[in-house]
Amino acid sequence: MKPSIPKGTRDFGPEQVRKRNFIFTTIETVFTKYGFARIETPAMESLDTLTGKYGAEGDQLLFKVLNNGDFLSKVEPSLLEDKDSSKVLPNISKRGLRYDLTVPFARFVVMHQNEIQFPFKRFQIQPVWRADRPQKGRYQEFYQCDADVVGSNSLVYEAELVQIYDEVFHRLNIPVTIKINHRQILFGIAEKLGIEDQFQAITVAIDKMDKIGLSGVKEQLRMAGLATPHIEWISELLSQPNLENVEHLLGDSSAAQEGLLTIKTVFEYLKRTSLHQQIRFDLTLARGLSYYTGCIFEVAIDTQVINSIQMGSLGGGGRYDNLTGIFGLSGVSGVGISFGAERIYDVLEAIDGFPPSTASSLQLLICSLDQKGLGEAFYIAHILREKGIHCDLYPDAAKLKKQLKFASDRAIPYCLILGSEELATQLYTLKNMDDGSQAKLKLSDLIDQFS
RNA sequence: GUGGUUGUAGCUCAGCUGGUUAGAGCGCUGGAUUGUGGUUCCAGAGGUCGCGGGUUCAAAUCCCGUCUUCCACCCCA
């Protein structure tokens, strides 16, 4: 059979793993510095835990795991005849692959609430799975890097998370804009116009601003059934999207007031920190229909600095008031952010931003010209490794040409050559692969040179 | 989920409206150099043309299905 892997999944070779780890360890370092502790949760969760948390569309994108055993025999024959998948599904699948890290985390918090000290700061870097249609930068298996704080309403965490975004992208050397908004400000628009029931339609339309422009948003609102004066009013609001103007136009909405105050407080906290990245209030940021209730964040490439790459958001997050409520623990507020590692990878690849590969961690390769030399090479490798020297031996007494090419291809800086002459004199030929020079050394001198 | 797109040697790609043994560059292997790589020269190996079916005297080429890739929606990281 021809080997293949499922669509939207990937293998990672050594070089890709190195580059990915550069991203992961950078994120981990910063998370840890801010006091977040790493946890891990299983790839599979009970389907009960996952379904209904991501909306009807999200449920469609969940990967379900079939029950073990003869699962069909336990299903009512009438159910099978109806061919209604949604009815049969609960009978044949109890588990699914996690869709994100936030819901499993909420489950974790509720299950371990008695062991956890609040506010609890945790981070998690693990793969998640979505049965989405793949595109470039969108996969069915991909990693998320999440940091969340639960059990506190304090806005210092909003400010901290902004700092984390700032520092991670500074360390990765990617210029970004950190956008911040507040759900209550968006709700204020609907409230002010007295059309609270249209809140979702309004946010979905506004969210597309940077993609389809003001006229496109107006068209969307029209299709959603908003009255023309309302559309014009929203249009005016969107064309003056700085904090002062929004305050002026929305100030008499109580919801918007709360949101505006929150944003101002966060900016106040950040005022005396030296941020490297652009941070901007952005009224058009809406973050879909997800569970956020307070501040929302999104990170995108700073197009003022880099305009050559089209790339969606590199991260997002926000505050959710009652995430653990569905698992029976109410009154726990949380705020969190996520990094899109796959997209960050693509950006770093595009701007050539990865640190240069030290192609080999090996300091030297031991080459032997005959069987006797190979035995000696094995022994010398053992001695050198005991001294902590990174070395390897070519596994056969192949042609020297082949062995040197092997070292050359792997950018190993030195080769030690063991032939009959070297064995007889106990003086080993050390070849510098950079300039081609050679020297004869005793084993003790060799150890001195490399340790 | 809707509409479109892609698949030829290890890699990047040619192959026009169907017509003999499907090509190139790079890479790989061997030799020039029987103990010296990264340069050069010479030679060689390597392909179920994504998979399955159909049309035809004849299919990499046309048709259908399927998988995969990428794109636009939807949504999202």
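Student: Which atom of RNA strand B is 2.4 Å from an N or O atom in the side chain of Gln 438?

Tutor: In this predicted model, the atom in question is a base nitrogen of RNA strand B, which lies 2.4 Å from an N or O atom in the side chain of Gln 438. The elements that give two or more residues to the surface near the RNA are α16 (400-409), α17 (420-425) and β15 (428-432). Of these, α16 gives the most, with five residues.

Two further residues make polar contacts with the bases. A base nitrogen of RNA strand B is 2.4 Å from a polar atom of Met 433, and here the protein atom belongs to the backbone.

The wider surroundings can now be described. There are 40 residues around RNA strand B, and those that come nearest are Lys 136, Arg 138, Lys 399, Met 433 and Gln 438. Of the RNA atoms that come within 4 Å of the protein, 45% belong to sugar and phosphate. Sorted by class, the surface near the RNA has 19 charged, twelve polar and nine nonpolar residues.

Let us turn to the sheets of the fold. One is an open sheet of eight strands with mixed pairing, in the order β1-β5-β6-β11-β10-β9-β7-β8. Its edges are β1 (37-38) and β8 (278-281); each has a single partner strand, so one side of each is left without a neighbour in the sheet. Within this sheet, β7 (residues 176-182) and β9 (residues 295-301) run antiparallel and are joined by seven bridges. Val 176 stands opposite Ile 301 in β9. Helix α13 (residues 254-270) lies across β7, β8 and β9, and runs at about 145 degrees to β7.

A second open sheet has three strands in the order β2-β4-β3, with antiparallel pairing. At its edges stand β2 (44-46) and β3 (64-66), each with a single partner strand, so one side of each has no neighbour in the sheet. On average, neighbouring strands of this sheet are turned by 45 degrees against each other, direction ignored. Between β3 and β4 (residues 93-97) there are three bridges, and Lys 64 stands opposite Gly 96 in β4. Helix α5 (residues 85-92) lies across β3 and β4, at about 90 degrees to β4.

Charged side chains also pair within the protein: the structure holds 23 salt bridges. One of them joins the side chains of Lys 121 and Glu 160, with 2.9 Å from N to O. This pair links distant parts of the chain, 39 residues apart, with Lys 121 in strand β5 (residues 120-129) and Glu 160 in helix α7 (residues 156-172).

Two details of the backbone complete the picture. Most residues other than glycine have a negative phi, and most peptide bonds are trans. The peptide bond from Phe 118 to Pro 119, however, is cis, with omega near -5 degrees; Pro 119 is in the loop between α6 (102-111) and β5. Asn 173 has a positive phi, near 60 degrees, and is found in the loop between α7 and β7.

How values were computed
Residues are numbered from 1 along each chain as its sequence is written. Chains are lettered from A and ligands numbered from 1 in the order in which they are written. This is a predicted model: local features need pLDDT of at least 70, side-chain atom pairs count only at pLDDT 80 or more; totals for chains, interfaces and linings use all residues. Side-chain values use heavy atoms; hydrogens and water are left out. A residue is near a molecule or strand if one of its heavy atoms lies within 4 Å of it. A polar contact is a pair of N or O atoms within 3.5 Å; within protein, one must be able to donate a hydrogen and the other to accept it, and residues adjacent in sequence count only if both atoms are side-chain atoms. Helices (H or I, at least four residues) and strands (E, at least two) are DSSP runs, numbered from the N terminus. Ala, Val, Leu, Ile, Met, Phe, Trp, Tyr, Cys and Pro count as nonpolar, Asp, Glu, Lys and Arg as charged, and the others, Gly among them, as polar. Two strands pair if DSSP finds at least two bridges between them. Axes are lines fitted to C-alpha atoms, for helices over the stretch in contact, and angles run from 0 to 180 degrees between N-to-C directions. Contact means heavy atoms within 4.5 Å. A salt bridge is a side-chain nitrogen of Lys or Arg within 4 Å of a carboxyl oxygen of Asp or Glu.
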